[in-house]
Amino acid sequence: MFGINGTEMIILIILALVVVGPSRMPEYAKKLGEFAKTFRRKAMDARRAVREDFGDEFDVDWQKLDPRQYDPRRIVREALAEEDGQPTQKETPTQTAVGISPVERYMEQAKKRDRTKPAPFDTEAT
């Protein structure tokens, strides 16, 4: 519940008892319970209203709306390609700005390398 374990919950309850005081605690607990009931009732009313407006078959793909999946570089690249009239390439979330994943890029470079010559070595890198 809210990422709080048992000991943290006990500490919060003790802290609330100290701050609010035992004489006013029942009043605040009653207000908290009323707030929870009101919140639950409003959420159920909103859910019912959405079902009435859109029907029972209305289903939202929450994965598609996840903001973590958006890559700003891809969005800008697609917008620029649309202005140029070029067809846009649909990418998976694992693809990078050049259109392929780093592993795929490495594998393509490895296939192109001439195996008769030694591997490239950068003397300044070490």
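Is Arg-48 buried, partly exposed or exposed, and at what relative accessibility? Arg-48 counts as partly exposed, at 44% relative accessibility. Here buried means under 20% relative accessible area, exposed means over 50%, and partly exposed lies in between (1.4 Å probe, protein chains only).

The model is predicted: local features need pLDDT of at least 70, side-chain atom pairs count only at pLDDT 80 or more, and totals for chains, interfaces and linings use all residues. Residues are numbered from 1 along each chain as its sequence is written, and side-chain values use heavy atoms, with hydrogens and water left out.

## Overall build

The chain has four helices and zero strands. From the N terminus, its elements run α-α-α-α. Helices (H or I, at least four residues) and strands (E, at least two) are DSSP runs, numbered from the N terminus. The chain has 126 residues, and 9% of them count as buried. Its accessible surface comes to about 11,900 Å². Carbon and sulfur atoms hold 60% of that surface. Areas come from the Shrake-Rupley method with a 1.4 Å probe; for residues, only the protein chains shown count as cover.

## Helix α1 and its surroundings

Helix α1 covers residues 6–20, Ile-10 among them. It has 15 residues and reaches 21 Å from its first C-alpha to its last, close to the 21 Å expected at 1.5 Å a residue. The expected span is 1.5 Å times one less than the number of residues in the helix.

Asn-5 sits in the segment before α1. Its side chain makes a polar contact with the side chain of Thr-7, at 3.1 Å. Such a contact is a pair of N or O atoms within 3.5 Å; within protein, one must be able to donate a hydrogen and the other to accept it, and residues adjacent in sequence count only if both atoms are side-chain atoms. Asn-5 is partly exposed, with a relative accessible area of 42%.

Gly-21 follows α1 and has a positive phi, near 95 degrees.

Ile-10 also belongs to a nonpolar surface patch of about 650 Å². Patches are made of residues with over 30% relative accessible area and no salt bridge; like charges are joined within 9 Å, and nonpolar side chains (Val, Leu, Ile, Met, Phe, Trp, Tyr) within 5 Å.

## Helix α2

Helix α2 spans residues 25–54. It has 30 residues and reaches 43 Å from first C-alpha to last, close to the 44 Å expected at 1.5 Å a residue. Just after α2, Gly-55 takes a positive phi of about 95 degrees.

The structure holds four salt bridges. A salt bridge is a side-chain nitrogen of Lys or Arg within 4 Å of a carboxyl oxygen of Asp or Glu. Side chains of opposite charge can pair when their charged atoms come close.

| Salt bridge | N to O distance |
|---|---|
| Glu-27 and Lys-31 | 3.6 Å |
| Arg-48 and Asp-45 | 3.4 Å |
| Arg-48 and Glu-52 | 3.3 Å |

Spacing along the helix comes next. Glu-27 and Lys-31 are four residues apart in α2, so about one helical turn separates them. Arg-48 and Asp-45 lie three residues apart, about one turn of the helix. Arg-48 and Glu-52 are four residues apart in α2, so they too are separated by about one helical turn. An α-helix has 3.6 residues a turn, so residues three or four places apart point the same way.

Asp-45, Arg-48 and Glu-52 are linked in a network of salt bridges. Asp-45 is partly exposed at 36% relative accessible area, whereas Glu-52 is exposed at 56%. In the other pair, Glu-27 is partly exposed at 42%, and Lys-31 is partly exposed at 47%.

The count of aromatic pairs comes to one. Phe-35 and Phe-39 form this pair, stacked at 6.3 Å centre to centre with 25 degrees between the planes. Rings of Phe, Tyr and Trp (its six-membered ring) pair if their centres lie within 6.5 Å; planes under 30 degrees apart count as stacked, over 60 as edge-to-face and the rest as tilted. Both residues lie in helix α2, four residues apart, about one turn of the helix. Phe-35 is exposed, and so is Phe-39.
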